[in-house]
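Take a look at the structure below. The paragraphs after it lead through its parts one at a time.

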Amino acid sequence: MNTVDEILDYAIDQEQQAADFYEDVAQRAETAGMKKILLDFSKEEKRHKKILIDVKAGEHELSPEQEVLDLKISDYLVEVEASDNITYQDALIIAMKKERAAHKLYSDMAAKVPESHLKEVLEGLAKEEAKHKLFFETEYDERVLMDN
Amino acid sequence: MKLPFGRTTSSPISTGHSASLDFAQPEPVDLASGKYVKLWQGPQHPGITGNMSLELTLDGDTIIDCKTHVGYLHRGFEKLMERRSFIQNFTVVCRIAVPEPTFNEYLYSHAVEEISGIEIPERATWLRTMNLEMMRLASFLMWIGGQGGAFGQYTVANWTLAYRDYVLDLFEEMTGARIYHMYIVPGGVRAGLPDGFEGRAREIMDGAEKLLDQIERVMFNNTVFKARSKGLAIIPPEMIDPYGIVGPNARACGVKRDLRKDEPYLAYDQLDFDIVTGTDSDAYERAYLRLQETRQCISLIRQCLDRMPMDGAFQADMPNVLHWKVPAGETYVKAECTRGEYGYYMVTDGSELVRRVHVRGPSYTHAIAVMERLAVGNNIADIAGMMVSLHTYPPEIER
Amino acid sequence: MNLKDLLSPFFVWQRAFEKPYTSIRPTIDRPGAPAYRGFHINIADTCVGCGSCHEICQNHAIDMVAVEEYLGREGDSGLRPRFDYGRCCWCGLCVDICTAASLRMSNEYAWISEDPTVFHFTAGVDDKPWQDNENGYRRAEGYHLYPPKRIEMEMLPANESVSSFEEVVKGYSEEQAKKEADRCVECGICVATCPAHMDVPDYIHSIRDGNYEKGLQLMYRTNPFPATCGRICTRRCESVCPVGILGEPVAIRWLKRLIVDQVDASDYQRILADTITENGKKIAVIGAGPGGMSAAYYLRKKGYAVTVFEAQESAGGMLRYGVPSYRLPDNDLDKDIDYIVSLGVEIKYNTAIGKDIKFEQLLENYDAVFMSTGLSVPSSMRIHGEDHPRVLSGLQVLADVANGRDPGIGKKVAVIGGGNVAMDAARVSRRFDAEVTILYRRRISEMPADEEEIHESQEEGCRIVQQAIPVEIVSADSEQQVAIRWGEAEMVDDPKGGRPRPVLQEDRMHTDTYDSIISAIGQGSNLDYISKEMHEEFAIEWGKFTPGEYQHTTLEKVFVGGDFANSTADAISAIEDGHHAARGIDRYLNPAAYEEK
């Protein structure tokens with residue numbers, strides 16, 4: 001992966017995979033309420049994908065300079081399994097961790113390439129993922145850590 | 001000595017009537033004879049101190065009979081109060097005597113406090129005392145003008161009525177209103193003194209003192225005023241108690257009676273003043289006594305300013321006035337207003353409304369019984385000056 | 001006649017050279033004194049429309065009128081005073097009584113108009129030139145027409161309260177309650193704010209009259225848990241009480257408690273006189289908490305045969321197992337529950353739906369079902385090492401204590417969380433002689449727990465460490481102990497709104513050792529008793545129901561209420577949900593009675 005387009009294609013594919021993953025878990029989820037949440041997550045990933053497609057088409061710009069708040073909630077949580085009777089809390093943990101991993105991947109890649117447009121794109125992608133992570137971490141803060 | 005208008009100083013009452021206090025009906029007069037004239041003075045007449053009227057029967061210029069008629073100002077305050085809450089009433093009572101609303105505010109509040117066992121803070125007693133003395137000053141200034149005017153000295157009337165407005169300015173500053181101050185409220189007063197009030201009050205007191213000196217020269221050391229007021233409407237000592245005569249009207253007769261000294265209330269026991277008395281008991285003596293009492297007011301206001309605590313609470317802890325039930329009880333409270341003893345009799349039944357309030361104003365006796373008696377035998381031209389010299393306010397007759 | 005008296009009056013000429021009193025030109029404006037009682041000013045944004053001005057006006061010169069802009073504001077009647085200057089006597093009592101200090105007067109006193117209708121205006125809403133006047137009469141500092149401070153409540157001193165489960169709040173005496181009840185201005189804003197819309201001003205009035213029987217009747221119209229709510233209600237009424245704007249709000253909760261305390265349980269039947277005419281229909285209620293029991297009470301009153309299914313051995317739900325007895329003694333909770341039971345409500349204890357009886361069976365056998373099973377599952381922290389045996393859940397500790405079991409917490413305890421469960425767990429631990437540290441991710445001011453509980457827990461010696469984020473549980477040297485690694489947090493404003501978010505500072509980490517760690521970070525619902533197939537029928541999101549107008553669900557004849565069906569998750573909301581569901585069920589089963597006539 002050396003060109004900007006290649007990177008973006010990869011990122012778009014990753015978002016699609018995430019969307020597929022949630023849909024798959026949703027299929028197996030035991031309760032209707034849980035299914036709905038997971039499908040919502042899947043929709044959220046598809047929204048991310050759409051943003052990246054727009055970026056590739058030049059209709060949207062990534063903004064590598066923007067500051068994104070890192071709540072660091074997911075950093076210290078245990079890994080959980082996407083089982084059939086997954087709970088709301090665990091679904092959110094999976095989502096946070098996925099976004100966190102993606103963020104880390106793009107930041108690490110950006111660190112390795114020299115100053116270039118490519119580096120900027122990678123940094124922009126990292127910021128984008130950080131935003132997604134913040135979204136899920138905020139949800140977790142509101143819905144799970146109610147009394148904390 | 002022979003005085004103008006056929007009066008002498010020898011007899012306390014200048015007519016053929018004896019000084020005894022028999023209430024024998026006068027001989028009915030035969031109006032058809034054409035010898036007598038029936039004349040109504042008031043209710044619209046500048047010589048009447050408010051809306052009331054005198055039904056005079058004249059034999060020539062001489063009054064041979066006087067009947068008083070009241071009712072033109074009847075607004076039923078005592079009854080109104082029975083339908084208003086204890087806090088609302090304090091906005092009503094000030095209207096009972098327009099030139100002296102504060103005494104009503106104080107006595108109403110005091111009666112409520114007495115029955116409910118509320119003790120007002122010290123600062124409130126001082127603020128009330130000063131407020132009452134300011135009221136006395138304003139009322140006397142208006143009276144001096146009235147007395148001067150009744151004898152044709154409108155210059156003095158203009159001076160004092162205008163200066164009274166400076167005192168009203170002080171009220172406006174201290175209470176938020178010029179006439180219906182609504183300052184003394186059950187539980188204390190509504191506010192402390194505004195910033196800079198003391199200085200302005202002292203300035204106005206100095207001016208008032210100067211004015212009174214001028215008035216003494218122009219009105220009291222005046223041949224015309226002396227001629228018309230000396231020997232006029234003398235109240236003999238034996239009338240004082242049977243007629244319930246109080247205040248300056250009694251003191252001018254040598255009766256040393258003043259509630260501020262006799263039964264001190266508020267901060268009066270901490271103020272230096274003496275009861276002013278006179279001897280002649282005529283219109284001039286009463287006027288001169290009131291002039292001295294006006295000076296005394298200025299001194300008392302200054303003393304209040306010197307001695308009152310300038311900070312601290314000015315209101316006692318109050319219950320919620322929106323549903324204030326005063327315990328059942330009754331009381332009579334009184335205070336010395338410009339015209340003597342002013343009293344409030346209050347009965348409560350433990351509900352949110354007062355059961356009965358009776359207001360005793362000195363005008364009731366002074367303007368009716370005393371007036372009817374003193375008028376007889378006098379000249380029609382003196383009737384206005386005579387009435388003013390009794391210092392009466394008809395609205396408090398009719399409550 | 002002497003010469004002096006003849007000459008002296010000529011002194012008047014001297015005055016001819018003095019400055020006249022009057023203005024040379026009569027058109028010069030003379031402003032009123034700075035504290036003059038002139039035209040009214042109302043700061044409409046500050047005003048809450050309590051109507052005390054209207055109440056005190058002896059001239060009926062003030063009407064409270066609805067102002068669109070303020071309708072629906074929390075703690076606001078939406079009304080504003082309209083003045084009729086044909087009646088006003090400028091006494092200013094309206095200003096004196098104003099609970100929000102929004103009403104005052106300007107020092108302007110001249111207003112001329114050809115149109116007589118303009119003298120009837122809503123101050124602060126209708127534009128008037130004096131609205132921004134800085135001068136004029138206002139209530140003086142230190143002058144009150146109602147007592148601004150509440151009657152102090154006697155409490156067990158902290159050194160005594162930590163050594164027993166005796167009730168901490170002692171309750172008012174009759175005399176104290178009368179005084180406190182006197183402070184109410186009877187505006188009714190509390191009624192609108194109370195989730196159950198309890199008739200607060202009227203039952204407070206009954207205290208002033210000493211008529212506790214009437215007070216009890218009034219309370220039972222909207223709330224069959226007055227003894228409970230008189231102790232532990234979240235009392236949103238007090239947070240909107242206008243008396244609290246300038247002083248302290250009326251102690252509505254303690255007054256409610258007094259009424260119940262004054263009436264003996266044996267008199268309830270006679271006083272409340274609930275007569276029941278059976279209507280032959282059967283209702284099943286799942287969960288005997290405040291929501292379920294409230295529904296049971298109001299349904300029973302309408303003549304339904306009500307059966308309550310309760311998994312525990314006693315009724316009360318979180319009130320019994322989640323609220324320690326020093327806040328709500330068992331016999332007071334029983335006073336409420338026993339009366340409901342006495343009307344013929346049947347409770348099947350130790351009966352868990354889904355295990356002992358299937359949910360579908362209830363649907364089949366009853367005319368309607370009301371579910372109110374609350375939030376009973378403690379959220380897990382999901383941090384490493386959480387499965388350590390010395391990590392306990394707050395709810396479990398409270399349930400153990402309620403059941404008379406030793407929670408086995410040791411002598412040095414850390415409580416994680418800042419809600420009421422965390423505070424209760426901490427204070428219970430103090431009563432077991434433990435040294436307690438509360439770790440909370442945010443600041444004390446942001447704790448969701450009741451302010452009083454936070455205060456009392458501190459009084460009782462609980463140490464609160466704020467902005468502390470637990471990161472990991474690690475084993476300690478001894479098996480009887482456990483260590484927690486936590487980091488300090490910085491608070492960061494959420495750019496999207498919402499409460500400030502704590503951000504872990506990884507360079508400021510600490511590790512402390514405790515005998516046990518009690519986790520109380522939140523709770524979720526347990527809906528396992530509904531089969532997978534049935535789940536499809538309901539719209540459940542994030543473990544919660546979003547009920548319809550009458551607490552109905554997407555499934556016909558099933559109604560829900562309580563913590564898992566509202567956003568506030570407190571007893572009073574559950575009680576109202578139950579009451580409202582009872583109306584909903586009655587509408588559903590007896591529609592003829594509700595048809596428009």
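**A walk through the model**

Begin in chain C, where C:M491 stands opposite C:P502 in β17(C). The model is a predicted one.

Now widen the view to the strands around that pair. Strand β16 of chain C covers residues 482–492. It pairs with β17(C) over ten bridges, in the antiparallel sense. Strands of a sheet pair through backbone hydrogen bonds, and the pairing may be parallel or antiparallel. Here the two strands belong to an open sheet of three strands in chain C, with the order β15-β16-β17 and antiparallel pairing. Which strands form the edges? They are β15 (468–475) and β17 (501–514) of chain C, and each of them pairs on one side only. From one strand to the next, the twist averages 20°.

Step back to the whole of chain C. It has 22 helices and 22 strands. Its C-alpha trace spans about 120 × 70 × 50 Å along the principal axes. Chain C has 597 residues, and buried residues make up 49% of them. What share of its contacts links residues 24 or more positions apart? Among contacts in chain C with a separation of 6 or more, the share is 72%.

Next comes the neighbour, chain B. On its side, 32 residues are in contact with 36 residues of chain C. Three helices of chain B give two or more residues each to this side: α5 (154–175), α6 (197–220) and α7 (223–229). The largest share, four residues, comes from α5(B). By class, the side of chain B that touches chain C has 13 nonpolar, twelve polar and seven charged residues.

How confident is the predictor in chain B? The mean pLDDT of chain B is 89, and 92% of its residues reach 70 or more. Residues 1–20 of chain B are a stretch to treat with care, with pLDDT below 50. Beyond near neighbours in sequence, this stretch has 27 contacts in the model. Where pLDDT is low, the predicted coordinates should not be read in detail.

Finish in chain A, with two helices. Helix α1 of chain A runs over residues 4–28, and helix α2 of chain A over residues 32–56. Their axes come within 8 Å and cross at roughly 170°. Angles over 145 degrees count as roughly antiparallel, and α1(A) and α2(A) are therefore roughly antiparallel to each other. The contact of α1(A) with α2(A) has 14 nonpolar, three polar and eight charged residues.

Key:
Residues are numbered from 1 along each chain as its sequence is written. Chains are lettered from A and ligands numbered from 1 in the order in which they are written. This is a predicted model: local features need pLDDT of at least 70, side-chain atom pairs count only at pLDDT 80 or more; totals for chains, interfaces and linings use all residues. Two residues are in contact if their C-beta atoms, placed from the backbone, lie within 7 Å. Ala, Val, Leu, Ile, Met, Phe, Trp, Tyr, Cys and Pro count as nonpolar, Asp, Glu, Lys and Arg as charged, and the others, Gly among them, as polar. Two strands pair if DSSP finds at least two bridges between them. Axes are lines fitted to C-alpha atoms, for helices over the stretch in contact, and angles run from 0 to 180 degrees between N-to-C directions. A residue is buried if 20 or more other C-beta atoms lie within 10 Å of its own, exposed if 12 or fewer, and partly exposed in between; C-beta atoms are placed from the backbone. pLDDT is the predictor's confidence in each residue, from 0 to 100. Angles under 35 degrees count as roughly parallel, over 145 as roughly antiparallel, 65 to 115 as roughly perpendicular and the rest as oblique.
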